[in-house]
Amino acid sequence: MAALILLVFGNMAARYLMGFGAVWLQELEWYILSLSVMTAIAYAMRADEHVRVDIFSSRLNRKGRMWLDMLTMTLVAVPVAILVLYYTWPFVQTSYVRGERSPNAGGMPWTFLPKAMILLGFFLILSESIRKIISVGRRLSFHYRRPANPPRNRNHAA
């Protein structure tokens, strides 16, 4: 993120203070931004810092929040990630096969790279959602598990 801030500041300073700018540097900002945003979403999910509707989750106990997380991941995150991956793949593939370049003179080549960040980001979201479903499912199964034979107190005199 620091690289992006320095790049934007450098581009702005070059354009307004020195009177020149490079199109490829402005487009490089787009490449870096797409990489940082698409990977940050999955990171936020992993760190449990993602946006959620607190009006529902704040009223639930720990077990209820686990169920809400599991249902949200199963019914929203996984299907959306699969749909985005399914519909984005041809978009990226076409861009790569055509050797698509920036339409701007002096722009960056390989415009399939920022488009591929969509694939990377939603693949990470899908894998993090599946990891979360497994993790929450495991915790819920431990929560509902009842020991078959409760341990006896052996120190108790008969």
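Modeller: Ile125 touches Ile41, Ala42, Met45 and Ala81, leaving aside residues up to four places away in sequence. Keep in mind that this is a predicted model.

Biologist: Which residues touch the most other members of the largest nonpolar core?

Modeller: Ala81, Leu85, Phe122, Ile125 and Leu126, out of 15 residues in that core. Helices H2, H4 (62-97) and H5 (112-144) each supply at least two residues of this core.

Biologist: What does Phe122 touch?

Modeller: Phe122 sits in helix H5. Beyond its neighbours within four places, Phe122 is in contact with Met38, Val80, Ala81, Val84 and Leu85. Phe122 and Ala42 are 80 residues apart in sequence, yet their C-alpha atoms are 8.1 Å apart.

Biologist: Is Phe122 buried or exposed?

Modeller: Buried, because its relative accessibility is 18% and the cut-off for buried is under 20%. As a general point, nonpolar side chains in soluble globular proteins tend to be buried together.

Biologist: Back up a step. How many helices and strands?

Modeller: Five helices and zero strands. From the N terminus the order is α-α-α-α-α.

Biologist: What is the radius of gyration of the chain?

Modeller: The chain has 24 Å, whereas a compact globule of 158 residues would have one near 15 Å. Along the principal axes, the C-alpha atoms fill a box of roughly 95 × 35 × 30 Å. Buried residues make up 29% of the 158.

Biologist: And the contacts between residues at least 6 apart, what share joins residues at least 24 apart?

Modeller: That share is 74%.

Biologist: New topic. How many salt bridges?

Modeller: The count comes to four. One of them pairs Arg46 with Glu128, closest N and O atoms 3.8 Å apart.

Biologist: Is Glu128 buried or exposed?

Modeller: Glu128 counts as buried, at 7% relative accessibility. Glu128 also meets Arg131 in a salt bridge, 2.6 Å from N to O. Those two both lie in helix H5, three residues apart, about one turn of the helix. Shared partners join Arg46, Glu128 and Arg131 into one network.

Biologist: Where are Lys115 and Glu100?

Modeller: Lys115 is in helix H5, and Glu100 is in the loop between H4 and H5. Their side chains meet in a salt bridge at 2.4 Å, N to O. Lys115 counts as buried at 14% relative accessibility, while Glu100 is partly exposed at 28%.

Biologist: What about phi of Trp110?

Modeller: Phi of Trp110 is near 60°, a positive value in a residue other than glycine. Trp110 is in the loop between H4 and H5. In general, most residues other than glycine have a negative phi.

Biologist: Which residues make the nonpolar surface patch?

Modeller: Phe9, Met12, Tyr16, Leu17, Met18 and Phe20 make a patch of about 760 Å². Met18 is in the loop between helix H1 (2-17) and helix H2 (23-46). Met18 counts as exposed because its relative accessible area is 55%, and the cut-off for exposed is over 50%.

Biologist: Last one. Is Met66 buried or exposed?

Modeller: Met66 is buried, with a relative accessible area of 5%. Met66 is in helix H4. Residues up to four places away aside, Met66 touches Val136, Arg139 and Leu140. The C-alpha atoms of Met66 and Glu29 are separated by 38 Å.

Definitions and conventions. Residues are numbered from 1 along each chain as its sequence is written. This is a predicted model: local features need pLDDT of at least 70, side-chain atom pairs count only at pLDDT 80 or more; totals for chains, interfaces and linings use all residues. Side-chain values use heavy atoms; hydrogens and water are left out. Patches are made of residues with over 30% relative accessible area and no salt bridge: like charges are joined within 9 Å, nonpolar side chains (Val, Leu, Ile, Met, Phe, Trp, Tyr) within 5 Å. Accessible areas come from the Shrake-Rupley method with a 1.4 Å probe; for residues, only the protein chains shown count as cover. Helices (H or I, at least four residues) and strands (E, at least two) are DSSP runs, numbered from the N terminus. Buried means under 20% relative accessible area, exposed over 50%, partly exposed in between (1.4 Å probe, protein chains only). A nonpolar core is a set of buried Ala, Val, Leu, Ile, Met, Phe, Trp, Tyr and Cys residues joined through side-chain atoms within 4.5 Å. Contact means heavy atoms within 4.5 Å. The radius of gyration is taken over C-alpha atoms; the globule rule is 2.2 Å times the number of residues to the power 0.38.
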